[in-house]
Amino acid sequence: MPETTPPTGPDGKNFTGNEKNEGLYSPGVLGKFYTPYVIWFSHRAAWGVSNKALHDNHRTHIGQNHLTVGPGNGYFLAKLPASTPLRTLRLLDLNRTCLDFTTQRVGRRFDTSTIEQDALAAWPVDDGTLDSVDCHMMIHTLRGDIIGDKEELVAQAARVLKPGGVFFGATILAQGPDVRPNALARKLMALYNGQSNTFSNANDSSSDLKKVLERHFSRVEFEVQGCTGVWVATK
Ligand SMILES: C[S@@+](CC[C@H](N)C(=O)[O-])C[C@H]1O[C@@H](n2cnc3c(N)ncnc32)[C@H](O)[C@@H]1O
């Protein structure tokens with residue numbers, strides 16, 4: 001069932017956060033362009049991250065009661081094997097098109113509901129109720145000067161997970177230990193950071209991301225592939 005929450009921050013005050021990007025995430029783009037250009041080409045050629053690692057993240061860590069932040073076109077959820085423990089799936093996204101597209105793709109397999117809101121506002125999910133949360137390839141699009149400005153997403157994931165629950169994901173980084181953007185990555189990051197409402201990761205660093213994860217989770221596995229930070233954090 002769709003749910004739209006008012007723009008309220010985690011402290012209950014008014015929240016002016018990120019803006020929708022329905023031009024970029026139109027049904028046409030999600031259906032025809034996103035998988036070949038973003039997932040099959042850019043992940044490997046620009047961001048240096050293997051899709052096998054992202055599939056493995058989903059296959060290994062997804063639990064029965066799961067929430068995906070920023071599902072895009074639902075590609076990785078749609079590729080889960082028949083043996084996946086996933087049963088109840090919540091999708092949280094600022095763009096209605098991504099919620100609808102992904103629901104159409106996986107809604108027959110999983111008991112799926114949607115939350116249309118900014119991931120940096122308080123999530124309408126009870127504390128300690130989920131087995132897993134994932135957030136892949138979206139933190140670099142969130143408005144903010146540094147990773148610390150995006151910390152509320154990590155705090156919300158920690159809040160809604162059960163003890164022992166897992167938060168796993170990946171994001172494109174521009175700085176910090178082990179972050180090695182190739183020439184194409186540097187070119188695309190400069191271009192996308194210069195466009196309104198596309199990337200906002202010029203100061204996102206691997207050390208800051210690791211610190212933020214460690215502040216909210218008791219165990220953090222973190223690695224950098226190319227210029228993409230990939231993590232598995234356990235509450
Ligand atoms: C680059 S796509 C990643 C899609 C998918 N996770 C994947 O790995 O293929 C980013 C996703 O995050 C969503 N998104 C962007 N900003 C958001 C925000 N502030 N709050 C919630 N969702 C957001 C977009 O609508 C889109 O679904």
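Hi everyone. A helix, in what follows, is a DSSP run of H or I at least four residues long, and helices are numbered from the N terminus. The model we're looking at is a predicted one, so please keep that in mind as we go.

Let's start with helix H4, which covers residues 96-106. Which residue forms a salt bridge with Arg96? That would be Asp100, and the closest N and O atoms of this pair are 3.1 Å apart. Why are Arg96 and Asp100 separated by about one helical turn? Because the two residues sit four apart in H4. If you search the whole structure, you'll find nine salt bridges.

Helix H1, residues 27-45, packs with H4 at an angle of about 55°, and their axes are 9 Å apart. On the H1 side, the contact is made by Pro27, Leu30 and Gly31; on the H4 side, by Thr97, Cys98 and Phe101. What kinds of residue are these? Four are nonpolar, two are polar and none is charged.

While we're on H1, have a look at Val29, which lies in that helix. Leaving aside residues up to four places away in sequence, Val29 touches Gly23, Leu24 and Tyr34. Then there's Asn73: 44 residues along the chain separate it from Val29, yet the C-alpha atoms of the two are 9.2 Å apart.

Let's move on to a second pair of helices. H5 takes in residues 151-160 and H7 residues 206-216, and these two pack at an angle of about 30°, with 9 Å between their axes. Since angles under 35 degrees count as roughly parallel, that angle makes H5 roughly parallel to H7. H5 passes H7 in a right-handed crossing. Glu151, Val154, Ala155 and Ala158 of H5 make the contact with Val212, Leu213, Arg215 and His216 of H7. Sorted by type, the contact of H5 with H7 has five nonpolar residues, one polar and two charged.

Finally, a word on annotation. An unreviewed UniProt entry places the feature "domain: Methyltransferase type" at residues 67-168. How far apart are the end C-alpha atoms of that span? They lie 11 Å apart, and residues 67-168 are 25% helix and 29% strand.

Key: Residues are numbered from 1 along each chain as its sequence is written. This is a predicted model: local features need pLDDT of at least 70, side-chain atom pairs count only at pLDDT 80 or more; totals for chains, interfaces and linings use all residues. Side-chain values use heavy atoms; hydrogens and water are left out. UniProt positions are given in the numbering used here, feature names are shortened, and annotations may be inferred rather than shown by experiment. Axes are lines fitted to C-alpha atoms, for helices over the stretch in contact, and angles run from 0 to 180 degrees between N-to-C directions. Angles under 35 degrees count as roughly parallel, over 145 as roughly antiparallel, 65 to 115 as roughly perpendicular and the rest as oblique. A crossing is left-handed if the near helix is turned anticlockwise from the far one by less than a right angle, and right-handed if clockwise. Contact means heavy atoms within 4.5 Å. Ala, Val, Leu, Ile, Met, Phe, Trp, Tyr, Cys and Pro count as nonpolar, Asp, Glu, Lys and Arg as charged, and the others, Gly among them, as polar. A salt bridge is a side-chain nitrogen of Lys or Arg within 4 Å of a carboxyl oxygen of Asp or Glu.
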